[in-house]
Amino acid sequence: MNKYTETFGIDISKDVFDCYGSIQGHLQFKNTEKGFNKFLQLLSKDSLVVMEVTGYYHYRLAQFLHHKNKNVSVVNPLSVKRFIQMKLAKVKTDKSDSKAICAYALIK
């Protein structure tokens with residue numbers, strides 16, 4: 001049983017981050033503090049946000065959420081890649097990656 005009310009998978013890049021919520025579905029926000037605050041408004045106290053290590057891009061969002069006392073997990077991108085390969089997914093977009101990260105988080 002999942003102890004989180006909603007799990008969000010994040011695929012982040014230089015300008016935007018794609019988000020897939022286990023309840024809300026696909027959303028997209030600017031990779032800025034304003035975008036972070038818009039995303040924060042969607043999170044309940046017991047939501048989980050999961051993202052891959054992406055060099056520099058994930059760091060700002062992860063730190064922002066951590067300082068706001070949100071549940072955030074930064075995972076190894078190779079683990080997610082292997083999970084996606086195991087599912088035999090052929091489509092590779094930011095939207096599909098965020099959905100795959102959400103699915104990965106739900107089984108962990």
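Which exposed residues does the face of H1 turned away from its buried side carry? They are Lys-34 and Gln-41. Exposed means over 50% relative accessible area, buried under 20%, and partly exposed in between (1.4 Å probe, protein chains only).

The model is predicted, so local features need pLDDT of at least 70 and side-chain atom pairs count only at pLDDT 80 or more, while totals for chains, interfaces and linings use all residues. Residues are numbered from 1 along each chain as its sequence is written, and side-chain values use heavy atoms, with hydrogens and water left out. Helices (H or I, at least four residues) and strands (E, at least two) are DSSP runs, numbered from the N terminus.

The buried side of H1 holds Gly-35, Phe-36, Phe-39 and Leu-40. Seen down the axis of H1, these buried residues fall within an arc of 145°, so they line one face of the helix. The arc is that of the directions from the helix axis to the C-beta atoms. The cover over the buried residues of H1 includes strands S1 (6-12), S2 (16-21), S3 (25-30) and S4 (47-52), together with H2. Contact means heavy atoms within 4.5 Å.

Two packed helices are described by the angle between their axes and the distance between the axes. For H1 (residues 33-42) and H2 (residues 57-67), the axes come within 11 Å and cross at roughly 45°. Axes are lines fitted to C-alpha atoms, for helices over the stretch in contact, and angles run from 0 to 180 degrees between N-to-C directions. H1 and H2 are therefore oblique to each other. Angles under 35 degrees count as roughly parallel, over 145 as roughly antiparallel, 65 to 115 as roughly perpendicular, and the rest as oblique. H1 contributes Glu-33, Phe-36, Asn-37, Phe-39 and Leu-40 to the contact, and H2 contributes Arg-60, Leu-61, Phe-64 and Leu-65. By class, this contact has 6 nonpolar, 1 polar and 2 charged residues. Ala, Val, Leu, Ile, Met, Phe, Trp, Tyr, Cys and Pro count as nonpolar, Asp, Glu, Lys and Arg as charged, and the others, Gly among them, as polar.

Phe-64 lies in helix H2. Phe-64 is buried, with a relative accessible area of 12%. Not counting residues up to four places away in sequence, Phe-64 touches Glu-33, Phe-36, Asn-37 and Leu-40. Phe-64 and Asn-37 are 27 residues apart in sequence, with 9.1 Å between their C-alpha atoms.

In H2, His-58, Leu-61, Ala-62, Phe-64 and Leu-65 are buried. Down the axis of H2, the buried residues fall within an arc of 160°, so they line one face of the helix. Their cover includes S1, S2, H1, S4 and S5. Asn-69 follows H2 and is found in the loop between H2 and S5. Phi of Asn-69 is near 60°, a positive value in a residue other than glycine. Asn-69 counts as exposed, at 66% relative accessibility.

Helix H3 (residues 77-86) buries Val-80, Phe-83 and Ile-84. Down the axis of H3, the buried residues fall within an arc of 100°, so they line one face of the helix. Their cover includes S4, strand S5 (71-75) and helix H4 (94-107).

Asp-11 has its place in strand S1. At 10% relative accessibility, Asp-11 counts as buried. Leaving aside neighbours within four places in sequence, Asp-11 is in contact with residues including Glu-52, Asp-94, Asp-97 and Ile-101.
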